[in-house]
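Visitor: I am new to this structure. Please take me through the terms used for it and the grounds for each.

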Amino acid sequence: MIRYCPYCGQQVEARVPTGDDRLRAVCDTCGYIHYENPRLVLGAVAEWEGRILLCRRAIEPRMGLWTLPAGFMENGESSLEAAARETREEAQAEIEAAELFALIDVPGIDQVHVFYRARLVAGKHAPGSESLETRLFSEIDIPWQDLAFPTNACCLELYFADRQKGVFRCHQTTLTGWKRSHEIVAD
């Protein structure tokens, strides 16, 4: 929780404001109430000739592990723009024909992960500044034990199940055991 008001600089107090039901940072000097909301992570399941694009992380958290290209949405962009931007930044790749595929709520870390299903343009990719390497993986070669985040595994499992059925649909699910340490813990 913030300690100082972003508007007047005075120290805030942690309390439940009148008419609210959650603890907030409240400034008694100017009346500002600071609301902390979940952050959106946007990404893509980019396919090329039956293989999926993964990036090996060059940054923490989970440096050295594999991930779908994804990251935090920026102000002023749509969710699809964010997914495409993250794919460009992490894999120097362009996507097309993107469709909303999975929305994964992660309340334990105050995030919502949204993935688009897309085609990789011309199969081109290369590591961006946040990636050590990029690679196209067939389903059988996915490095399941070396995936950086539980949402990646969840999304890929849904993707391959839909692909096997021959019908893709939009999925919504919640991961309840993921805590700030980025590890799955028993509930």
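Visitor: What volume does the largest pocket have?

Guide: This is a predicted model, and in it the largest pocket has a volume of about 700 Å³. Among the 35 residues of its lining, Arg39, Val41, Phe72, Ile109 and Gln111 are the closest to the centre.

Visitor: What makes a residue part of that lining?

Guide: A lining residue has an atom within 4 Å of a point of the pocket. By class, 13 residues of the lining are nonpolar, nine are polar and 13 are charged. Strand 2, strand 4, strand 7, helix 1, strand 9 and helix 2 each supply at least two of the lining residues.

Visitor: Why are strand 1 and strand 2 said to pair?

Guide: Pairing takes at least two bridges. Strand 1 and strand 2 have three, in the antiparallel sense, so they count as a pair. Arg15 stands opposite Arg24 in strand 2.

Visitor: Why do strand 1 and strand 3 stand at the edges?

Guide: The open sheet has three strands in the order 1-2-3. Strand 1 (13–15) and strand 3 (33–34) each have a single partner strand, so one side of each has no neighbour in the sheet.

Visitor: Which residues touch the most other members of the largest nonpolar core?

Guide: They are Leu54, Leu68, Ile104, Phe115, Cys155 and Leu156, out of 27 residues in this core. Helix 2 gives the most to the core, with six residues.

Visitor: What is Leu156 in contact with, leaving aside its neighbours within four places in sequence?

Guide: Contact requires heavy atoms within 4.5 Å. On that basis Leu156 is in contact with Ile52, Leu54, Leu68, Ile142, Trp144 and Leu147.

Note on methods. Residues numbered from 1 in each chain as written. Predicted model: local features only at pLDDT ≥ 70, side-chain atom pairs only at ≥ 80, totals over all residues. Heavy atoms only, no water. Helix = DSSP H or I, 4+ residues; strand = E, 2+ residues; numbered from the N terminus. 1 Å grid on protein atoms, 1.4 Å probe; cavity = no way out; pocket = protein on both sides within 12 Å on 5 of 7 lines; lining within 4 Å. Points joined across faces, edges and corners; volume = space filled by probe spheres on them. Nonpolar A, V, L, I, M, F, W, Y, C, P; charged D, E, K, R; others polar. Core = buried A, V, L, I, M, F, W, Y, C linked by side-chain atoms within 4.5 Å. Buried < 20%, exposed > 50% of the residue type's maximum accessible area, 1.4 Å probe, protein only.
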